[in-house]
Amino acid sequence: MDTTFYHLNLINPLINASGVKCMQSSQLDELTSCNIGSIVTKTCTPLQRQGNSEPRYYEPKNHLLTINSMGLPNEGVQYYLDYYKKNSASLQLSCKGRFLSLGGLSINENLNMLDIIYQNPENLTHLDAIEVNLSCPNIVGKSQLGYDFQNLESYLRIIFTKIETLEETLLVDMIKNLEPGKPELKEKVDTKYKVLIGCKLPPYFDMCHFQVIADILSKFPRLDYINCINSIGNGLVIDSNTEKVVIKPKNGFGGLGGKVIKPTALANVHQFYRLLGDKVKIIGCGGVSNGDDLFQMILAGATLVAVGSQMMIKGVKCIDKILRELEDIMKKKGYSTLDDFRGKLQYL
Ligand code: DHB
């Protein structure tokens, strides 16, 4: 199930969906010791947050969906940087990709977290990717950036300019401290400290919107990947017996995940795969609960595939099952690598 994601050689294409099993170090430990190919942290802010009041997550007995309105509870960015540093040996031994999800409540919070990361270059040696979350639906009074068609481009311009400036400064500092006159050093520094940059997108539902977003994303060559989709925002689940909503924040409105969102997730993965081509890789997320779902995500064009609701419901043991099921499908179809079928969805 070997998977390459740019320079990363991963044992398989699976990653947890951010928010699932990745807030506290004990949860991250569980991910580290299971068979998953990569790990992403809970989307974080500069400082620790408690998040919304409980109950804030619900799954009906039929497990067709999940709804959550967590409100960005997290331990603060430094906690996750420290986790990756402290566990560097075991993470490297198991070849895990190490992703950090950033979800500042303002652009300044995101810039501030980028400063925190880059001010200690050692952080970058323990990190493979930074993912900017443009799609948290659960903050009272805040709209999702990914739906702000007017301001998204200028927002990303500020973020990418910041990243490129921090990288340039780092490179200059590093080269100053290395033996002079060796041209290959730049390359060495580049590979050691360069992290992949991604964006987590909300689901889109209109063909014109896919195009608008793809056009904006194409203006940023430093963007390595997109992760689509985040939960379908602001659904409402009702319990007929109690005649009540099932979660407390926002009068019961919350992000939908699980099996029912898979067709929307596949559509987003595939349409962005068509529009962005080889330039931007895709992490597919949404409703993956078995090997067939994983197969379909890769067929639609995903390089990595996230597991969210199923991991909430079954725990990390679902990873081995999903991988085994994909292996069976591949064997039956005569595929030996994921590249044999990635993006090769056929039309009628
Ligand atoms: C939360 C939910 C999201 O879908 C997300 O992308 C980030 C945070 C949350 O409610 O904590």
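Ser69 is buried, with 0% relative accessible area. Buried stands for under 20% relative accessible area, exposed for over 50%, and partly exposed for what lies in between, with a 1.4 Å probe and protein chains only. The residue sits in the loop between β6 (66-68) and α2 (77-86). Helices here are DSSP runs of H or I with at least four residues, strands are runs of E with at least two, and both are numbered from the N terminus. Beyond residues up to four places away in sequence, Ser69 touches Asn52, Arg56, Asn138, Ile247, Pro249, Lys250, Phe253 and Gly254. A contact of this kind means heavy atoms within 4.5 Å.

The model is predicted: local features need pLDDT of at least 70, side-chain atom pairs count only at pLDDT 80 or more, and totals for chains, interfaces and linings use all residues. Residues are numbered from 1 along each chain as its sequence is written, and side-chain values use heavy atoms, with hydrogens and water left out.

Now to the ligand. Around it stand Lys42, Asn68, Met70, Gly71, Leu72, Pro73, Asn133, Cys136, Pro137, Asn138, Asn230 and Ser231. To be listed there, a residue needs a heavy atom within 4 Å of the molecule. Asn138 is in this group, and Asn138 also touches Ser69.

Met70 has a backbone N or O atom 3.2 Å from an oxygen atom of the ligand. Asn133 uses its side chain: an N or O atom there is 2.7 Å from a ligand oxygen. The protein covers 93% of the 290 Å² of accessible area that the ligand has on its own. A polar contact is a pair of N or O atoms within 3.5 Å; within protein, one must be able to donate a hydrogen and the other to accept it, and residues adjacent in sequence count only if both atoms are side-chain atoms. Accessible areas come from the Shrake-Rupley method with a 1.4 Å probe, and for residues only the protein chains shown count as cover.

The ligand takes up the space of the largest pocket. On a 1 Å grid over the protein atoms alone, a pocket is an open set with protein on both sides within 12 Å along at least five of seven lines; in a cavity, a 1.4 Å probe fits but cannot get out, and lining residues have an atom within 4 Å of a point. A molecule sits in one of these if more than half of its atoms lie within 2 Å of its grid points.

Next, the backbone. Glu54 and Pro55 are joined by a cis peptide bond, with omega about 0 degrees. Pro55 lies in the loop between β4 (38-40) and β5 (57-58). A cis bond also runs from Cys228 to Ile229, with omega near 20 degrees.

Ile229 belongs to the loop between β10 (225-228) and β11 (232-236). Is Ile229 buried or exposed? At 1% relative accessibility, it is buried. Its contacts, leaving out residues up to four places away, are Lys200, Leu201, Pro202, Pro203, Ile261, Thr264, Ala265, Asn268 and Cys285. Gly284 is 55 residues from Ile229 in sequence, yet the C-alpha atoms are 6.8 Å apart.

Tyr6, not a glycine, has phi near 55 degrees. It is found in the loop between β1 (3-5) and β2 (8-10), and is partly exposed at 30%. Asn234 has phi of about 55 degrees, and is not a glycine either. It is part of strand β11.

Helix α9 (residues 262-276) holds His270. At 10% relative accessible area, His270 is buried. A polar atom of its side chain lies 2.9 Å from the backbone oxygen of Ala300. Apart from neighbours within four places in sequence, His270 is in contact with Ala300, Leu345 and Tyr347.

Two further residues complete the tour. Asn251 lies in the loop between β13 (244-245) and β14 (253-257). It is exposed, at 64%. Leaving out residues up to four places away, Asn251 touches Leu236 and Val245. Asn251 and Ile313 are 62 residues apart in sequence and 24 Å apart, C-alpha to C-alpha. Ser154, in helix α6 (residues 152-177), is partly exposed at 40%. Ser154 and Ile216 are 62 residues apart in sequence, with 9.6 Å between their C-alpha atoms.
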